[in-house]
Amino acid sequence: MNKINELFNKEISVINMGLESFYTDLKKQDVKAIHVDWRPPAGGNKKMASLLSRLK
Amino acid sequence: MKVNYEIRKNTYYDSVTLMLISKEIKKMEGIKEALVGMGTDLNKELATMLNITTDEINDLGANDFFISVLSEEDLNMKEISIKVDELLTKKKNDSPSDYNPPTLDSALKYQADSNVVVISLPGKYAADEVRKSLKSGLHVMLFSDNVSMKEEKELKTLAREKGLLMMGPDCGTAIINNVPLAFANVIKKGKIGIVGASGTGTQEVTVIIDKLGEGVSQVIGTGGRDLKSEIGGIMMLQGIEALLKDPNTEVIVLISKPPADEVAKKVLKAIENSPKPVVVDFIGGDKELIEQYGAYSCATLEDAAYKAVALVKGEEVEDFNGFTLRDDEIDKIVEKEVSKFHSKQKYVRGLYTGGTLADEAMKLLNKDLGELYSNTPLSPKYKLSDINKSIKNTCIDLGDDDFTVGKPHPMIDPTTRVERIIKEAEDDEVALILMDFVLGYGSHEDPVGEMIPSIKKSQKIMMDKGNYLSVVCSICGTDKDPQSLEESQRRLEEIGAIVMPSNAQAVRLASKILKELKGNC
C-alpha cells in the first residue's frame, strides 16, 4: 500500500509552519497539531543560510 | 505629516497577524497610514510606497520587526507601541499556549507521529522546508505561492518517488480524513473523493455535495499549476491512484481550470478504465474529450456536485443547468428587480473573493452578455487598464496577486471589497452587484457581517440618486462551518440581497435580470 492510502487510515497529526491561524483552527477541532515557531534561517541572510545548510 | 517609527531587532511574527494589526493601528485617531511588519524586501518597498520609510527601516533584515506610522501631528509613539503589544498579546492568547518548537526537526521529535506538514511560509523559504518534510517521510500541504515551477516539479517528483502527497504550491484547500486543512468547509463524511486544482472551485463542489445530503471521503488539493505542461499533472495522477484504491471512495470528482491538452489526455487516460464513476469539471474545458474517456463532463461546479451525488445514490445522471426554485418563482424575482432600476442602469459588477468562482461567473455571463472586463479576463483584450476602475460589465477577482500585495487575501480580510463596492455604487450605469461569500475554516470569522454596512451604504448612494442597486450573491458554506450559514443568509436577505444556493445560480439569475433589462431599453 502506498503512503497516501496508509494516511487515509491513520489519525491526522499536523505540523504547522507559517500562519498560526491554520494551527488554531486545527486545535479548535481537537486535531492533533503542533505549531513551529519558525524564523527565517540566518536572519534572512541567504548566503549565511546556505552556509548553515551545508553544515547539517 | 510626520513619520514615527519603532524597531525591534530579532523579533518574528507571521505576516497575516501583522497585516491585520496594521489595519487596526490605521484605524487609530490621527493616524493616516500605518505599517507593522517584518523587515522583508516587500515590506520595505511597501513602506516606501506609503511614504513611511526611514533609513533605519531600510537597513532592517527579515528577522527584524518594525512599526511605522504617518500622522498629521506629533504623536506619542509609546501609545502606539503599547497598542501593538496589546494586539499581539490578544492574538497570542487566542491560540493555545502549547510548546512551539523552533524547527521542523524539533517538532518531529516532540510529536513523533506527525504525518502532514502544512506550510504557509514566505515562498522563498518554503521549498527548503517542503524538501525536508518529504525527506522525513511526511505528506505536505503547501499553501505558499511564489515557489518556482522548477521547484514545484522537483518537489512533486520527490513526493511521487516517496509515495507522498505534495499538495501545492498555492494549495488553498484539502480535507484529509474529514479534517479541513487551511481554507476548507466542514463537510459530512461520505463516499465522494475529490482531486482539485482550484481552491474555491473545490470548496464550492464540496459545499453543494454536503447540501445535497452526501459527503466526501478525501479532498486532495494539487495547487493551480499541477495540470500545466511543465508539471504534467503529477499530483492529480497520484491523487487519482490513491482514490481508485481507497475502499471508502465510490465516486471520483476531478476539478481544474482547463488543463494543457496533453496533460488533460494523460489525466483522462488514468481514469479511462476506472471501475468507479468519474465526474470531471475542467471549468469551461473540452467536454467531448472528457466523455471520450468515459467520464461525466459538467457545465458548472454545481453540476459536478449534482452528478457526483446522483452517481453515489445510483440515480440517473442529468445535467443541472437551472435553478432550485421553480421557473415562475425566478421570473417573479427578475420582474421585481427589473421594475426598480432607472433607465440608465445596465451593467453588472462581479466582486469576487474566490478566484475560481470569478472565473466561473465570467464563463457563464460571457454567453449572455458578451465578454467581461476583469483583472483576470477570459481574453487579454478585456484586461482592465486600471484594476481599480471597472468598465461596463466587469468581474473582479479580488484575491488575485494584483490586489493582495502587502495585504491578506480578501477571504481573510474583506477590506478591499468593502471599499470597492462603494466605488461601483457611484457609477450610475451599474445595476447589479454579484458577490461570493466563502465561509469555513481559514476564512474571516464573519465575512457577511464585514460587508453589510458597505452594501447598505452602496444601496443608499444609489437610492439618493433615484437608482436601485440589485445585490445577488451566493454563500459557499455549510451549516457545520464555524460561521453560521443560516445567520449569514438571514442578514443578507434582511437588507434586500438575493441569496442563491450556488455561484452558478447567482450568476444565472444576474444574467436573467440584465438580459431582461436590456430587452426593456
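1. In this predicted model, the contact between the two chains draws 60 residues from chain B and 39 residues from chain A. The area buried between chain B and chain A comes to about 4,500 Å², and carbon and sulfur atoms give 60% of that area. As background, the accessible area lost when parts come together is often used to give the size of an interface.

2. The polar side of this interface deserves attention. Between chain B and chain A, 21 residue pairs are in polar contact, both residues of a pair being at pLDDT 80 or more. The rule finds 1 salt bridge across the interface of chain B and chain A. In a salt bridge, the side chain of Lys32(A) meets that of Asp113(B), with a distance of 2.7 Å from N to O.

3. Several elements of chain B supply at least two residues each to the side that touches chain A. Among them are the helices H1 (15–26), H4 (77–94), H5 (104–110) and H6 (123–135), together with the strands S4 (116–119), S8 (179–182) and S10 (216–221). Helix H9 (234–245) of chain B also belongs to this group, and H9(B) gives the most to that side, with 5 residues. By class, the side of chain B that touches chain A holds 32 nonpolar, 16 polar and 12 charged residues.

4. Helix H6(B) also packs within its own chain. The axes of H6(B) and helix H7 (residues 149–162) of chain B come within 10 Å and cross at roughly 10°. Because angles under 35 degrees count as roughly parallel, H6(B) is described as roughly parallel to H7(B). From H6(B), the contact is made by Ala127(B), Val130(B), Arg131(B), Leu134(B) and Lys135(B). The partners in H7(B) are Glu151(B), Glu154(B), Leu155(B), Leu158(B), Ala159(B) and Lys162(B). The residues of this contact divide into 6 nonpolar, no polar and 5 charged.

5. A further helix pair in chain B consists of H16 (residues 415–425) and H17 (residues 447–464), which pack at an angle of about 10° with their axes 9 Å apart. That angle makes H16(B) roughly parallel to H17(B). On the H16(B) side, Arg417(B), Val418(B), Ile421(B), Ile422(B), Glu424(B) and Ala425(B) take part. They meet residues of H17(B), including Glu450(B), Met451(B), Ile455(B), Lys457(B), Ile461(B) and Met462(B). Two serines of H17(B), Ser454(B) and Ser458(B), also belong to the contact. By class, the contact of H16(B) with H17(B) has 8 nonpolar, 2 polar and 4 charged residues.

Methods. Residues are numbered from 1 along each chain as its sequence is written. Chains are lettered from A and ligands numbered from 1 in the order in which they are written. This is a predicted model: local features need pLDDT of at least 70, side-chain atom pairs count only at pLDDT 80 or more; totals for chains, interfaces and linings use all residues. Side-chain values use heavy atoms; hydrogens and water are left out. Axes are lines fitted to C-alpha atoms, for helices over the stretch in contact, and angles run from 0 to 180 degrees between N-to-C directions. Helices (H or I, at least four residues) and strands (E, at least two) are DSSP runs, numbered from the N terminus. Angles under 35 degrees count as roughly parallel, over 145 as roughly antiparallel, 65 to 115 as roughly perpendicular and the rest as oblique. Contact means heavy atoms within 4.5 Å. Ala, Val, Leu, Ile, Met, Phe, Trp, Tyr, Cys and Pro count as nonpolar, Asp, Glu, Lys and Arg as charged, and the others, Gly among them, as polar. Buried area is the accessible area (1.4 Å probe) that two parts lose on being put together, summed over both. A salt bridge is a side-chain nitrogen of Lys or Arg within 4 Å of a carboxyl oxygen of Asp or Glu. A polar contact is a pair of N or O atoms within 3.5 Å; within protein, one must be able to donate a hydrogen and the other to accept it, and residues adjacent in sequence count only if both atoms are side-chain atoms.
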